[in-house]
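Here are a few exercises to work through with the model open. Try each one before reading its solution.

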Amino acid sequence: MTQLSVPTPTSIRVQSGSDDPFTTVAKSGIDVTLTTVDVGLRVDIAAASTVARIALRWNQTMPDAPVVLGDTWERSYGELEWREMRPEQFLPWTALVFDPKSEHTSGFGVEVRGGAFAFWQVDALGVTLTLDVRSGGSPVRPGTRVIHAATIRWTVSDLRPFVAQRELMRTLCSDPRQSAGPLVGANNWYYAYGRDFGINAVVRDARMIADLVGDHPVRPFGVIDDGWSPNGTADGLAASGGPWTHGRPTEFPDMAEAAGAIREQGVRPGVWYRPLLTRDTSIEGARCARDGAIALDPSSPAVLDLVANDVSRLKGWGFELIKHDFSTYDLLGKWGPDFGPNPSTGPALYDPSRTTAETLVDFYRTVRAAAGDTLILGCNVVGHLAAGLTDALRIGDDTSGIDWNRTRRVGINTLAFRLAQHGTFFTADADCVASTPMTDWALNRQFLDLVARSGTALFVSVDPATRIPSVEEDLAAALRLALNGGELGGVEPVNWLTSPTPSRWLAGGEEIEYSWLASSGADAFEPFTSASPVPPGV
């Protein structure tokens, strides 16, 4: 892989208001400063009034019939795949262009933690980068400060496209967190779905995972997922909100004791929470009503103080892993697939001088600082803005303990197309492997095997009703492999250029073929939704 010197754009267009036409910089009152940073190109923006977007265009020769791959705004939802070049296709954060004739892969990206939501477009005449610097859905008002919108990197490689993708990611994040190590554990979400469980069930699951891994020197986690807070879980959606000051009085009367009870099983305690949703109406920085509660805006200093206090409290209770969830949805009111090319939505933020991207980075920094050496697992988090600040990241939407089709469509897809971020951005988590009466273990065990070999995070959600010797044997072998760090060299999708759910993978120097489809084929009616449904009666 070679890093290329990013040339000066052929043209730069700017947009002052969200719905204004793009115009030249000279006519806009907006200053765009380009600075060479080794071979990259830094983009800084200043504006006396407002600015919404910047579009940089490079006219250049492109391959005749390439295939193109981008990333996704936050988690992926089963939509990632190599596609023929389409000029209007927006490619969040990165763009890979593979030329089947020369077998060269060109990479285009922006460094992590920039001040803009960024997407690429690729066409026969060149490439365009659009930088969205809005505050919520309104143009940002930076005042006298300068916004560091992006630092751009280009690469080219004659190695396999997967290797080229991984090397591009390395150039975009110089400081990935390496402290997570093998991240393995139990999480009951995909058989309990936040209902009808308490400390006894959590301890039972912790004991199970401890028994399965035996005396392995790397200890797994036991995670208390949604359902522990006083506000419970709403039907159909994990909607628990703060205040996060105590657990449910009957089921979790003392959260510090709950963490201790998990630890007594030889398992490290972890906990889930939703930081930007509360029922406390006194917090300055309320954004809107959401799921029967109040969504919070982290551009408010009071909200960041609340987040820091909540994280410190969870850490103080003795939890060694904190999984924070729903922050992108709570701030912006949409899931990733609904963003389109407009990820920053809604009214202006509490602080209209901060871009949405800057505000999210501030939020992730606050969580990181308050957590200290406690591990952070982000879910519904913008990975490109959290890289270097979060230990691990849920890279895809929910798998399922109800419908294998969802696990196949979402879990396999995200592992194949975002695996390159594992170790280069954070520890990747493709979500739980379920063992439930409603899913086929013959299919789930293949997903278990692949995730264990990959070295990515492996969490299992095991309904006690499925704990038979053959299942426990499969689980024990996979969990111990995952605690060893997976296969030496990890795994790599082989037929990902032609399939969104690759069946052929390289692992440990050999090719393995999986069979992901049930005998009845795929389910066309499995909803392509963004929030994992909680089935009634579970």
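This is a predicted model: local features need pLDDT of at least 70, side-chain atom pairs count only at pLDDT 80 or more; totals for chains, interfaces and linings use all residues.

**Exercise 1.** How many bridges join strand 23 to strand 24, and do the two run parallel or antiparallel?

*Solution.* Start at residues 392-394, which make up strand 23. Three bridges join strand 23 to strand 24, and the two run parallel. Strands here are DSSP runs of E, at least two residues long, numbered from the N terminus.

Residues are numbered from 1 along each chain as its sequence is written, and side-chain values use heavy atoms, leaving out hydrogens and water.

**Exercise 2.** Write down the strand order of the open sheet, then find its edge strands.

*Solution.* First, the order: nine strands run 24-23-22-21-17-16-15-26-25, with parallel pairing (two strands pair if DSSP finds at least two bridges between them). Next, the edges: strand 24 (427-429) and strand 25 (433-435) each pair on one side only.

**Exercise 3.** Which strands does helix 4 lie across?

*Solution.* Take residues 255-263, which form helix 4 (helices are DSSP runs of H or I, at least four residues). Helix 4 lies across strand 16 (221-224) and strand 17 (268-273). Now the angle: helix 4 runs at about 140° to strand 17, using axes fitted to C-alpha atoms, for helices over the stretch in contact (heavy atoms within 4.5 Å), with angles from 0 to 180 degrees between N-to-C directions. Finally, check Ile224: its contacts include Met255, Ala258 and Ile262, as well as Gly270, Val271 and Trp272.

Methods
Lists of a residue's contacts leave out its neighbours within four places in sequence.
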